[in-house]
Each structure stands twice: as structure tokens, then as C-alpha cells.
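Here is a friendly walk through one protein model, from its overall build down to single residues. Keep the viewer open while you read.

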Amino acid sequence: MPVAETKKSPISSNRWILNYLLREKHVFIPSLIALFVTAGLALAFPYFLKELVGSPVDALQKAVPPAEILARTNDIILKLIAALFLQATIGYFRVQGFIRSGESALNHLRKDLFKHVLGLPVPYFQDQRAGSLSNRVTADLALVRETLISTVPQAVRQTVILIGGLIFIFISSWKLSLIMLGCIPIVVLLMAFFGRKVRNHSKAAQQSLADASTVIEESVQNIADVKAFTNEGFERARYESSLAAFLAIALRGAKARGAFLSFIIFVLFGTIAFVVWYGAQMYSTGGISWENFFSFILFSIFVGASLGSFPEIISQLQQTAGATERLREILDMSTERESGRSDLTLSGAIAFEDISFHYASRQEIAVLENLTISLPSGQRTAIVGPSGAGKSTLFSLILGFNEPNSGKLLLDGTDAREISLACLRSQIAIVPQEVMLFGGTISENIAYGKEGATQAEIESAAALANAHDFIAELPEGYATLVGPRGTKLSGGQRQRIAIARAVLADPKILLLDEATSALDSESERLVNEALERLMQGRTSLVIAHRLSTVRHADQILVLSKGKIVEQGTHEVLLSANGTYRFLAETQLS
Ligand SMILES: Nc1ncnc2c1ncn2[C@@H]1O[C@H](COP(=O)(O)OP(=O)(O)OP(=O)(O)O)[C@@H](O)[C@H]1O
Ligand SMILES: [Mg+2]
């Protein structure tokens with residue numbers, strides 16, 4: 001897949017996310033300012049606390065009368081309460097502001113991602129394991145969300161506290177501060193070392209948990225097969241083994257995390273204790289005043305705590321950089337072409353001119369070889385051929401899901417590459433072999449063929465598709481919910497809904513992949529009758545599995561190993577005694 005090769009730096013990834021945040025500038029910027037203010041106000045707490053404890057001691061030493069000391073402390077506590085109140089009030093709004101701008105930024109990102117994913121070429125999805133794309137995107141978005149809503153505010157807040165706290169401890173005693181700063185580089189280096197270890201493990205754990213979720217998704221999606229083959233045990237074992245793998249990785253990470261924590265407890269707070277011990281010595285020899293010593297201790301605790309929170313913040317930011325990088329990779333993948341004429345109304349003549357094709361994922365196998373066929377407008381062409389001959393691949397070329405590697409696909413004599421995909425596809429309808437419906441109502445599923453179809457149009461399409469009677473008999477009629485992927489309807493009913501959808505789409509070209517599964521004779525009659533009506537006046541290409549279909553075809557193409565081996569009408573081909581005769585006798589029913 002054409003993924004942009006460039007590795008993005010964490011900084012550029014975080015800036016990219018910032019651009020999303022700035023889409024809600026009017027909320028984000030005031031919240032950011034409020035955040036700076038509240039973080040600054042957070043420093044008021046240790047400041048006034050120091051005043052509260054420090055000044056009476058100081059005053060007593062200077063023999064200030066007790067009444068005056070009392071008045072002074074009352075004054076300080078009032079200021080402290082005012083600062084707390086202000087901080088609380090602004091904090092209330094800034095939390096909301098951050099959540100609002102963060103969630104809106106995420107919604108923009110989610111919309112962009114979904115739009116982009118919908119635009120990706122079909123082969124991309126075939127190369128994906130079911131569920132892995134959506135699991136990955138979900139996990140990555142969760143990380144980004146966590147960062148926008150809690151890590152970024154936390155980072156800003158801790159930075160302000162760290163810098164402000166450092167200023168205060170310098171004011172208290174530059175000598176003590178220098179001693180403390182002397183220890184910091186060692187602490188920071190060690191923190192970075194452990195932090196990286198923890199991060200690597202948590203990244204691996206995240207990936208391994210996503211793999212485990214894929215197992216659930218695959219089993220749930222194919223639950224009928226899982227149960228029919230009584231493979232619950234197998235799926236459970238598969239899940240358990242991926243969970244065990246996850247646990248092993250998580251436990252390895254736990255060691256690093258534990259070491260990190262003991263390190264923080266021991267080294268970081270040990271350093272603070274050492275510095276305080278040194279300060280106590282200074283105090284006892286008169287090198288520092290009591291008030292400044294106390295202020296130094298208080299602010300050191302704040303600085304230490306804020307320093308201690310940085311590894312987590314940095315690790316979270318780096319994980320998010322990884323996540324945004326993956327999201328950007330998706331957004332950088334090229335989507336289907338949008339070029340080409342969009343004003344064409346086709347009459348439906350299709351021609352393959354010397355087309356060869358192989359799937360990109362299997363370069364060495366030619367699926368179609370030098371294919372030249374002509375499907376005249378309004379005529380019915382049946383394709384027969386053994387499994388794997390390339391019949392469905394023909395459909396995917398006509399729909400523009402894949403492009404021929406050589407040769408030309410002509411529609412009304414125009415090269416398909418010159419017609420926009422939207423224009424092309426809007427004139428084609430497909431009735432697939434296995435009809436999968438969306439989980440809504442019958443009405444909604446039929447209306448999928450034409451945006452904004454009225455109920456009357458839906459019902460008349462259903463009538464033409466021989467679906468109206470069975471729908472009308474359902475207690476809730478057209479409002480009946482079809483269940484996930486249409487599982488509450490029978491195969492024949494689903495097919496007739498797909499036919500109604502095609503009737504409503506009213507395409508020039510009809511691609512029909514006949515169901516291989518036999519329907520009972522009554523539903524088969526209803527389906528066939530509906531198809532007959534649907535094919536009237538359209539160019540139809542039918543992958544045929546039934547004798548009745550090929551009999552009525554204007555021409556039959558026999559495809560084998562990517563080549564047309566025989567071509568003609570049923571009677572002619574039957575008398576030719578070749579591949580067709582063999583297929584007709586063994587495979588068509
Ligand atoms: N997405 C894909 N990537 C790689 N190879 C593919 C892909 N889809 C199909 N093929 C291969 O291309 C060949 C033709 O497949 P195709 O689905 O067109 O066969 P078919 O004639 O429709 O068979 P059937 O009657 O079983 O549906 C097969 O060998 C198949 O394995
Ligand atoms: Mg097929």
C-alpha cells in the first residue's frame with residue numbers, strides 16, 4: 001500500500017494534533033490561558049502556607065506583640081482563601097473548556113479518518129485482517145483522547161508549578177537551590193532511562209491487547225460458523241493464548257514500572273531529604289533564616305512532586321505521538337481517484353480490450369489473461385466457469401475496485417479511466433451472491449439503492465422484486481429490523497431485498513452473482529421472476545450457476561483460468577461438446 005515512508009517526529013505529530021485543537025480556538029485558547037492562571041494560583045497555596053507558618057516564628061523572634069501577629073495571620077488566611085476560591089472558580093471553567101475543545105478536536109479527527117477510510121481503495125480492505133483496522137484506530141484514538149483531555153493540561157500545569165517553584169526556592173536560598181539542582185541531572189537521566197523501558201513495554205502490551213480483541217471480533221462476526229463447527233473451545237483457546245501473550249508482555253512491563261516507582265521513591269525523595277538535611281545544618285549555623293528554610297522545604301516538595309509527574313507525562317506524550325503517527329499514516333494513504341468525467345450517461349455497452357490482470361498481493365499469478373469481450377448494450381451475458389476462473393474479478397474491474405494491468409476497459413467506447421468512479425458506479429448495480437444487509441429496517445435497506453427514495457418508491461421496487469408480499473406479512477412490515485447483517489431474514493428474502501435495491505437504483509448495467517446455495521423451488525421462482533424483470537432493458541452480466549439463467553442469455557462466455565475458452569449461445573455451445581457441455585452437465589442445476 002502506498003504509505004508515506006517518512007517517519008514523523010513526536011514534535012511534528014503533536015503539532016499536527018494541536019492544529020485540530022486550534023479548530024476550536026475560541027474555546028481552546030481561553031482554556032489554555034485559564035490553565036496558566038490556575039497553575040500559577042496553585043503556587044499561592046505553598047506561598048501563603050509558608051507565610052502562615054513562617055511569619056509568626058519570625059515575628060516572635062523580633063518580639064512583635066501577639067495581637068499584631070494574630071491580625072497578620074488572619075490577613076494571610078483570608079488571602080489564601082481568596083486565592084483558592086479564584087483557582088477553584090477558574091478551574092471549573094477551564095476543565096470544561098479543555099474537554100469541549102478536546103472532544104471536538106477528536107470528533108473532527110474521527111470524521112476525517114472515517115471519510116478517508118471510506119475513500120481507500122478496495123484492495124486495501126482485502127489485505128486487512130477483519131477488525132484490525134478498526135481496533136487499531138479505536139485504540140489510537142483512545143490514546144489521543146487521554147492526552148488531549150488530561151495529559152496536555154497536566155503537562156502545562158506541572159511545567160508552571162515546576163518553573164514557579166524553582167523561582168521560589170531560589171529566592172529562599174540560592175545556595176541550597178544550587179545543591180539541589182546539582183542532583184537533578186542525575187535524577188532526570190535515570191528517570192529518562194526507566195521511562196523509556198516502561199514505554200517500550202507498554203507499547204508492546206497495547207499491540208498485543210489489540211491482537212486479542214481481533215480474536216473476539218472475528219469470532220463474533222462468524223458466530224454461526226463458530227457454533228456450527230462447535231469451535232467455541234478452539235476460539236476460546238485462541239483468545240486465551242493471545243491473552244496469555246499479552247499478560248507475559250504486561251508482566252515484563254510491570255517489572256520496569258515497579259523499578260521506576262522504587263526509583264522515584266528512593267532517589268527522588270532521597271535527594272530532597274538530603275537537601276533538607278543540608279539546609280538544617282545551614283539553619284543551625286545561622287546560614288539561613290527559619291522562614292526561608294521552611295519556604296525552601298515547602299516549594300521543594302512541590303517541585304519534587306511535579307518533577308515526579310513528568311516521566312508519566314512524557315511517556316504519554318510519546319505514546320500519543322506513536323498513535324498519531326499511525327493515524328496520519330492512514331490519512332496519508334492515497335484514496336481512490338476522483339478524476340474523470342462525471343457527466344456521462346451510459347447506454348451500458350461494455351468492452352474488455354486485451355485486458356490482463358493480477359492482484360497486487362499475488363504478482364506472480366495472472367488472474368485474467370488477454371481478455372477481449374464485448375457486452376452489447378441492453379443484452380444479457382452469462383459467464384460460467386470453474387471456481388477461481390476469475391469471474392468475480394471481472395466484476396471488480398467493471399466496478400473500478402481494481403484496474404487492469406494492461407488493456408482497456410471501455411464503457412460506451414470511453415476508457416473507464418476517463419470516467420469518475422462515482423459516475424461509473426452510479427450506473428451500475430450489483431446483486432451479490434451472499435447478500436449482507438445493514439442492521440436497520442427493511443425500508444432503509446431497500447432505500448440504500450437510491451438516496452432519498454420515498455416510501456412509495458420503496459414499495460413499488462419491493463413489488464417488482466417480489467418482496468412486497470413477504471414484507472407485508474411481517475408484523476412490522478417495512479419497519480421490520482433485519483438484524484445484524486440481515487440475519488433475521490432468509491437467504492431468498494435477502495436476495496429479493498437486494499434486487500429491490502437494484503430496481504430502485506435503476507442502473508444501466510447490472511452485475512449479478514447468482515447464489516450457489518439452492519433455494520426452495522417457490523423462492524427460486526420468485527427470485528428468478530424478480531431478476532427477469534430487473535434485467536429488462538439493461539446490460540446484464542450474470543455469473544451463472546443455473547441452467548435456466550444460461551438458457552435465456554444472449555451470449556454465454558466460458559471462462560477458465562482467466563481466459564475465454566468458449567463463447568456462444570446455449571444450443572451452440574452444448575453441441576460443441578467442449579468445456580461448456582461438461583460444466584452444464586456437472587455444475588449447472
Ligand atoms: N483479493 C485478492 N487477492 C489476491 N488474489 C485474489 C483476490 N481475489 C481473488 N483472487 C484470486 O484470483 C483468482 C480468481 O478469483 P475470482 O474470485 O475471480 O474467482 P471466481 O471465478 O469468481 O471463483 P468462484 O466461482 O469460486 O467465485 C483466484 O485464484 C483467487 O484466488
Ligand atoms: Mg466468485
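What percentage of the 589 residues in the protein is made up of buried residues? The share is 31%. Please keep in mind that this is a predicted model.

**Overall build**

Let us start with the whole chain. The protein is divided into two parts: domain 1 covers residues 10-332, and domain 2 covers residues 350-586. The centres of domain 1 and domain 2, taken over C-alpha atoms, are 56 Å apart. Along its principal axes, the C-alpha trace spans about 125 × 50 × 50 Å. The radius of gyration of the protein is 36 Å, whereas a compact globule of 589 residues would have one near 25 Å.

The secondary structure comes to 20 helices and 10 strands. If you look at contacts between residues at least 6 apart in sequence, 81% of them join residues at least 24 apart.

**Two helix pairs**

Two packed helices are described by the angle between their axes and the distance between the axes. Here are two pairs to find in your viewer.

| Helix pair | Residues | Angle | Axis distance |
|---|---|---|---|
| H3 and H4 | 44-61 and 66-119 | about 175° | 9 Å |
| H9 and H10 | 232-284 and 290-332 | about 170° | 11 Å |

An angle over 145 degrees counts as roughly antiparallel. H3 and H4 are therefore roughly antiparallel to each other. On the H3 side, the contact is made by Ala44, Phe48, Glu51, Leu52, Ser55, Pro56 and Ala59. H4 contributes Ile69, Arg72, Thr73, Ile76, Ile77, Lys79, Leu80 and Ala83. By type, the residues of this contact between H3 and H4 divide into 10 nonpolar, 2 polar and 3 charged.

H9 and H10 are likewise roughly antiparallel to each other. From H9, the residues that meet H10 are Ile264, Leu268, Phe269, Ile272, Val275, Val276, Gly279 and Tyr283. Their partners in H10 are Trp290, Phe293, Phe296, Ile297, Ser300, Gly304, Leu307 and Gly308. How many nonpolar, polar and charged residues does the contact of H9 with H10 have? There are 12 nonpolar and 4 polar residues, and no charged ones.

Leaving aside neighbours within four places in sequence, Leu268 is in contact with Val187, Gly304, Leu307 and Gly308. Is Leu268 buried or partly exposed? Leu268 has 19 other C-beta atoms within 10 Å, so this residue is partly exposed; a residue needs 20 or more to be buried.

Now turn to Ala530, which lies in helix H17, residues 521-535. Ala530 is buried because 24 other C-beta atoms lie within 10 Å. Not counting residues up to four places away in sequence, Ala530 touches Leu464, Ala465, Asn466, Arg496 and Ile499. The C-alpha atoms of Ala530 and Gly165 are separated by 79 Å, and these residues are 365 apart along the chain.

**Loops and the end of the chain**

Lys561 is found in the loop between strand E9 (555-560) and strand E10 (563-568). Phi of Lys561 is near 45°, a positive value in a residue other than glycine. With 14 C-beta neighbours inside 10 Å, Lys561 counts as partly exposed.

Asn577 also has a positive phi, near 60°, and is a residue other than glycine. Where is Asn577 found? Look in the loop between helix H19 (570-576) and helix H20 (579-586). Asn577 has 9 other C-beta atoms within 10 Å, so this residue is exposed.

Finally, Gln587 has its place in the segment after H20. Gln587 counts as partly exposed because of its 16 C-beta neighbours inside 10 Å. The C-alpha atoms of Gln587 and His545 are separated by 7.2 Å, and the two residues are 42 apart along the chain.

Technical notes: Residues numbered from 1 in each chain as written. Chains lettered and ligands numbered in written order. Predicted model: local features only at pLDDT ≥ 70, side-chain atom pairs only at ≥ 80, totals over all residues. Domains from an automatic or database assignment. Axes fitted to C-alpha atoms, helices over the stretch in contact; angles between N-to-C directions. Helix = DSSP H or I, 4+ residues; strand = E, 2+ residues; numbered from the N terminus. Parallel < 35°, antiparallel > 145°, perpendicular 65-115°, else oblique. Contact = placed C-beta atoms within 7 Å. Nonpolar A, V, L, I, M, F, W, Y, C, P; charged D, E, K, R; others polar. Rg over C-alpha atoms; globule rule 2.2 N^0.38 Å. Buried ≥ 20, exposed ≤ 12 C-beta atoms within 10 Å, placed from the backbone.
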